[in-house]
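We will take a short tour, stop by stop.

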Amino acid sequence: MKSRDTYAEVNTGIFLRNIFEISKRTNIHVAPVLKADAYGHGAVKLAQVCEQNGIGFLVVAFLEEAIEIRESGVLLPILVLNYFDPKYAKTALFNDLSVTIFSKDQKDAISAYLDENDKLKVHLKVDTGMGRLGPTANEAFELYDDIQKDKRFIFEGIYTHFSAADDPSDVLNAHQVDEFNEFIKKIKKPKYVHISNSAAATCLDIKVGNFSRIGIAAYGLQPSSRTKIDYLEPVMSVHSTVAFIKSIDQGRTIGYGHTFTADKKMKVATVPFGYADGLPRSLSNRGHVLLNGKRAKILGRISMDQIVIDVSNIEDVKIGDDVVIIGKSGKDEITAEEIAELAGTINYEIVCGISKRVPRIYI
């Protein structure tokens with residue numbers, strides 16, 4: 001249902017093209033990361049697209065995300081990166097999921113919920129510098145041995161995660177690669193070895209592992225503010241509509257707290273899109289949208305459900321006209337990166353923040 005002509009358009013062809021382009025340029029398989037509802041793009045639909053187009057592996061953050069994809073009928077291997085309550089070990093097993101092991105206590109707790117003949121696929125997470133989950137490479141051998149000895153586990157993979165791959169000059173990148181390489185040289189390599197995220201795959205020359213975990217870049221968004229990857233194309237555009245048009249006199253105010261006062265006679269339009277839809281409130285009196293190929297400034301505070309924009313210099317504005325929140329109109333474009341810079345955040349947060357009440361339309 002599209003009762004207010006507000007929607008996010010997700011182009012699955014561009015999604016696939018980004019993935020295959022990264023894979024071609026790095027000469028390594030790509031496992032799309034579909035966590036956080038595929039960064040706001042719709043995990044179930046994109047998982048189905050992946051399965052239909054020869055992509056061999058998926059990655060999510062949480063068990064619930066993997067279950068939702070499984071319940072849609074997708075049979076691809078799925079790796080769960082994050083913690084889950086050990087009492088759901090059987091759920092992971094019955095749904096043929098791979099899970100991450102990052103400590104002996106966690107491994108033992110999961111094992112206690114498995115029967116003697118169970119075989120749960122696991123990936124060992126090694127911390128080489130991110131500092132979140134997993135033992136250091138020096139401490140990981142004991143956990144590796146424990147996993148190998150426990151017949152209720154299939155040691156399927158091993159991985160680590162970069163902390164600064166978006167900065168190619170950061171010396172920690174090479175240190176993390178060296179530490180991970182030294183560790184995997186001393187163990188029996190599992191089926192899957194993976195280290196690269198989007199930034200590492202596109203900004204660094206990494207020759208480690210047999211697949212990359214590609215999140216933000218799969219959606220055509222830039223994984224680094226320091227390096228622009230020209231071949232990536234945004235997958236999602238976000239649209240709303242002109243709901244109301246009027247003229248206001250000099251001295252009239254707009255929005256909560258009357259933070260905008262007209263310094264001249266103006267023509268303004270109301271758009272049914274607000275911070276509850278994912279437009280950061282910090283763009284009040286600062287951000288823009290596109291209308292008929294031109295920029296229209298946001299006037300006053302962004303409300304939960306509405307914004308008011310300046311259309312004084314835009315001709316032929318009509319109720320029902322398309323308003324682009326993210327995407328292209330004419331020769332201009334507003335990117336998630338532009339919005340993020342204005343809002344003092346990152347493009348990840350912008351697309352993840354496009355709320356569920358904005359319908360996704362797939363083309």
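Start with the lining of the largest pocket: by class, 18 residues are nonpolar, 11 polar and 8 charged. Here Ala, Val, Leu, Ile, Met, Phe, Trp, Tyr, Cys and Pro count as nonpolar, Asp, Glu, Lys and Arg as charged, and the others, Gly among them, as polar. This is a predicted model, where local features need pLDDT of at least 70, side-chain atom pairs count only at pLDDT 80 or more, and totals for chains, interfaces and linings use all residues. Residues are numbered from 1 along each chain as its sequence is written, and side-chain values use heavy atoms, without hydrogens and water.

Now select α10 (336-343). This helix gives the lining its largest share, 4 residues. Helices (H or I, at least four residues) and strands (E, at least two) are DSSP runs, numbered from the N terminus.

Next, select α8, residues 171-185. From first C-alpha to last, its 15 residues reach 22 Å, close to the 21 Å expected at 1.5 Å a residue. That expected span is 1.5 Å times one less than the number of residues.

Which residues of α8 are buried? Pick Asn 173, Gln 176, Val 177, Phe 180, Phe 183 and Ile 184. Look down the axis of α8: its buried residues fall within an arc of 135°, so they line one face. The arc uses directions from the helix axis to the C-beta atoms. Buried means under 20% relative accessible area, exposed over 50%, partly exposed in between (1.4 Å probe, protein chains only).

Finally, show Val 171 and Lys 185, exposed residues on the face of α8 turned away from its buried side.
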